[in-house]
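Student: I'd like to go through this structure with you and check what the words really mean. Can we take the terms one by one?

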Amino acid sequence: MSDPSPTLAPAFVHNLETCVGCHACVIACANENGLAPGRFWRQIVSFNPSHIPDLPVYHLSLACNHCLDAPCAEACPAAAIARDVRTGAVLIDDTKCIGCRYCSWVCPFDAPQFNSDAGVMEKCTFCNHRLLQKSQPACTSLCPTGALSLGTYGEKEGVSVSGFPKAEIRPAMTFLPMRGRSPQPVPPGTALPDESQIAAWMIPDGLSIPESKISLKSEGPLAIFSSVALALVAWFLASVRGEPAVVPGLFVVLGVLGIGLSTLHLGRKERAWRAVLNLRSSWLSREVLAYSLFIGMGWLSTAIFPQIGLIAWAAAALGVFLLIAIDNVYMAMARDWSAQLDGQASLLAAAFIVSVMTGNALMSGGTAVVRLYAFVDRIQRRRKNREGTRQPGWLSLFRLIIGLVVPAILWAADGGVSPAVLACVLLGEFADRLDFYDSLDITTPRRSMLLDQRSSR
Ligand code: SF4
Ligand code: SF4
């Protein structure tokens, strides 16, 4: 994506002192862009809306910040996001968007919003049509106090503020400080409140503390897809090493089912083919292409040309690349936290399954220890991050007992890898994948404000 000269790029300037949280900018945006009732591209995130004494009260008016290093455009697999170099606006092309929602997972500012009627993402356009006519965006022109205005990137020195996630992506937004008061939420010496009080201050009446945008419930098909993908790669790699041999029919049926499942969450399924159009920068595009080629080559090498080893090795290489791509898709997300070894979650899971399938006791023991470490680390970090909210439950227990403890006991008792051992390992890795999805806490301004509060206690 073209990177405009930073000194010329338009940017929002937000004065923390003069913003009164009146929502005029939110309504101006909705009116200007003809948004249906209840849909908003701009939001007000308030700290201390109950005006508790001795704590600052401030409001953030937030939408897309048209970041100079926009990760949404890099990550979009359909090449549907681009910058208008005339104005600097980062725009979603709704004729190209496939509704995969990935842009909202890599944006730390909760800017892209899913339009369930159209099946595509939408967000603030910087009022590009107005910028092209040398007019201001509706939000800045209608702000009654002048708190939200239009400037250029870096023209004024700003401050960092709780609720605006720190991200190295050069958002075109500058916050001007509050006079005589720190914009940081808790001044030194303030008696610190408990968790429920903090939540009550930050969250307007009737709303609960925001959960992560991703949950097992919403992304179940993707969790199953990635489990199928890593199990098929492990099976194929084990077969290249000798045993167990790939059954071509079953392999291809599972492969097709997997890709079918992965399209279930798309808003525009008929555009699924567009998912491979951004190989240059999107790991999601690379994942989709690698998966398709791996299934095709794997089937060719086992069903049609079993005598040509080169095809099998090419499929094996594609399988390994697929695992790397899957891991990178999740590492690119804007997350509140991630566990150590998350960046190799699929690779390590596949290595564990391969070692069990091939009956390699030494490698199985080693990879099992690494899997156990990764699992415990994830649980500990999640517990810290979600203090006072939901905690891991039966899934974690299942993963530990069925996926690691029982196979070890059965292997020792049987003196080798029985079908029961392999079944337990596969079930355990599937549970681990579900648990991994459950831990994908995507950063948003509201969550960021809450976490800043916690870390200052
Ligand atoms: S604020 Fe979010 S959607 Fe807007 S350009 Fe930055 S990363 Fe993309
Ligand atoms: S294709 Fe996906 S990542 Fe790209 S704009 Fe649409 S929802 Fe966002």
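Student: At what angle do the axes of helix α9 and helix α10 cross?

Tutor: Two ground rules first: this is a predicted model, so local features need pLDDT of at least 70, side-chain atom pairs count only at pLDDT 80 or more, and totals for chains, interfaces and linings use all residues. Residues are numbered from 1 along each chain as its sequence is written, chains are lettered from A and ligands numbered from 1 in the order in which they are written, and side-chain values use heavy atoms, leaving out hydrogens and water. Now, α9 (residues 283–304) and α10 (residues 309–331) cross at roughly 155°, and their axes come within 8 Å. Axes here are lines fitted to C-alpha atoms, for helices over the stretch in contact, and angles run from 0 to 180 degrees between N-to-C directions. Helices are DSSP runs of H or I with at least four residues, strands are E runs of at least two, and both are numbered from the N terminus.

Student: Why are α9 and α10 called roughly antiparallel?

Tutor: Set the angle against the cut-offs: under 35 degrees is roughly parallel, over 145 roughly antiparallel, 65 to 115 roughly perpendicular and the rest oblique. The crossing angle is roughly 155°, and therefore α9 and α10 are roughly antiparallel to each other.

Student: What makes up the contact of α9 with α10, by class?

Tutor: There are 19 nonpolar, four polar and two charged residues. Ala, Val, Leu, Ile, Met, Phe, Trp, Tyr, Cys and Pro count as nonpolar, Asp, Glu, Lys and Arg as charged, and the others, Gly among them, as polar.

Student: Which residues come nearest to ligand 2?

Tutor: Cys76, Cys97, Cys100, Arg101 and Cys103, out of 13 residues around ligand 2. Being near means that a heavy atom of the residue lies within 4 Å. That shell has 11 nonpolar, one polar and one charged residues. Around ligand 1 the residues include Cys64, His66, Cys67, Cys72 and Cys107, and the shell there has nine nonpolar, two polar and one charged residues.

Student: Why is Gly267 called partly exposed?

Tutor: Its relative accessible area is 27%, and the range for partly exposed lies between the buried and exposed limits. So Gly267 counts as partly exposed. Gly267 is found in the loop between α8 (248–262) and α9.

Technical notes: Buried < 20%, exposed > 50% of the residue type's maximum accessible area, 1.4 Å probe, protein only.
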